[in-house]
Amino acid sequence: ALRGDRGRRGQRDAAALDTDRDGRLGRAEVAAQPRLAERFDAIDRNRDGALTRSELRTHRDQLRAERRAEREKAFDARYTAADTNRDGRISRGEAEAGMPRLAERFAWHDENRDGYVTREDLRAGQ
């Protein structure tokens with residue numbers, strides 16, 4: 001599925017919970033969705049006891065940003081650990097020892113063929 005399809009599916013799923021068709025989701029309407037129910041107060045920014053489409057979107061975007069930051073932090077930790085000589089670059093040997101998945105695709109990421117892959121090289125491929 002495309003990312004946009006998942007977003008639309010999420011909107012349809014949330015709309016389906018709106019049993020009284022008032023365009024808002026109350027606690028009773030989200031009770032059948034435990035993950036949503038447990039986050040209700042965090043999502044209900046204006047504290048009116050109901051979730052709107054924009055509150056759900058804002059919460060989804062916040063979670064997405066948090067997951068992105070967590071992935072970036074984990075990547076930085078792996079990269080730093082693999083860079084054993086601390087020169088800011090990963091050689092093929094460092095990749096083989098500390099980042100085996102990178103080692104498998106090392107030549108692909110080392111476009112300038114200098115024998116090293118930098119953070120920028122890896123980010124450019126995202």
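## Overall architecture

The secondary structure of the chain comprises nine helices and four strands. In this predicted model, the elements follow one another along the sequence in the pattern α-β-α-α-α-β-α-β-α-α-α-β-α.

The chain has 126 residues, of which 27% count as buried. Its accessible surface comes to about 9100 Å², and carbon and sulfur atoms contribute 49% of that area.

## Nonpolar cores

The largest nonpolar core consists of 11 residues: Phe-75, Tyr-79, Ala-82, Ile-90, Ala-95, Met-99, Leu-102, Ala-103, Phe-106, Val-117 and Leu-122. Helices α5 (53–82) and α7 (100–104) each supply at least two residues of this core. The largest share, three residues, comes from α5.

Leu-122 is one of the members of this core. Setting aside residues up to four places away in sequence, Leu-122 touches Phe-75, Tyr-79, Leu-102, His-109 and Val-117. Apart from this core lies another, of nine residues, which includes Leu-17, Leu-25, Phe-40 and Ile-43.

The model contains eight salt bridges. Two of them involve Asp-61, which is partly exposed because its relative accessibility is 37%. Arg-60 forms a salt bridge with Asp-61, with the closest N and O atoms 3.2 Å apart. The relative accessible area of Arg-60 is 28%, so this residue also counts as partly exposed.

Arg-64 likewise forms a salt bridge with Asp-61, and here the closest N and O atoms are 3.8 Å apart. Arg-64 and Asp-61 both lie in helix α5, three residues apart, which is about one turn of the helix. Arg-64 is partly exposed, at 39% relative accessibility.

The side chains of Arg-123 and Glu-72 meet in a salt bridge with an N to O distance of 2.2 Å. Arg-123 belongs to helix α9 (residues 119–124) and Glu-72 to helix α5, so the pair ties together parts that are 51 residues apart in sequence. Both partners are partly exposed: the relative accessible area is 32% for Arg-123 and 29% for Glu-72.

This pair belongs to a wider arrangement. Salt bridges with shared partners join Glu-72, Asp-76, Arg-119 and Arg-123 into one network.

Glu-94 lies in helix α6 (residues 92–98). Glu-94 is buried yet has no salt bridge, and the nearest side chain of opposite charge, that of Arg-86, is 6.8 Å away. A polar atom of the Glu-94 side chain does lie 2.8 Å from the backbone nitrogen of Ser-91. Not counting residues up to four places away in sequence, Glu-94 touches Ala-82, Asp-83, Thr-84, Asn-85, Arg-89 and Met-99. Of these, Ala-82 and Met-99 are among the members of the largest nonpolar core.

Asp-110 is found in the loop between α8 (106–109) and β4 (116–118). Asp-110 is also buried and without a salt bridge; its nearest side chain of opposite charge is Arg-113, 5.2 Å away. A polar atom of the Asp-110 side chain lies 2.9 Å from the backbone nitrogen of Gly-115. With neighbours within four places in sequence left aside, Asp-110 is in contact with Gly-115, Tyr-116 and Val-117. Val-117 is one of the residues of the largest nonpolar core.

## The loop position of Arg-39

Arg-39 occupies the loop between α3 (34–38) and α4 (40–43). Its relative accessible area is 28%, so Arg-39 is partly exposed.

Beyond its neighbours within four places in sequence, Arg-39 is in contact with His-59 and Leu-63. Arg-39 and His-59 are 20 residues apart in sequence, and their C-alpha atoms are 9.4 Å apart in space.

How values were computed. Residues numbered from 1 in each chain as written. Predicted model: local features only at pLDDT ≥ 70, side-chain atom pairs only at ≥ 80, totals over all residues. Heavy atoms only, no water. Buried < 20%, exposed > 50% of the residue type's maximum accessible area, 1.4 Å probe, protein only. Lys, Arg positive; Asp, Glu negative; His and termini not counted. Salt bridge = Lys/Arg side-chain N within 4 Å of Asp/Glu carboxyl O. Polar contact = N/O pair within 3.5 Å; in protein donor to acceptor, adjacent residues only side chain to side chain. Contact = heavy atoms within 4.5 Å. Core = buried A, V, L, I, M, F, W, Y, C linked by side-chain atoms within 4.5 Å. Areas by Shrake-Rupley, 256 points an atom, 1.4 Å probe, with all protein chains shown as cover.
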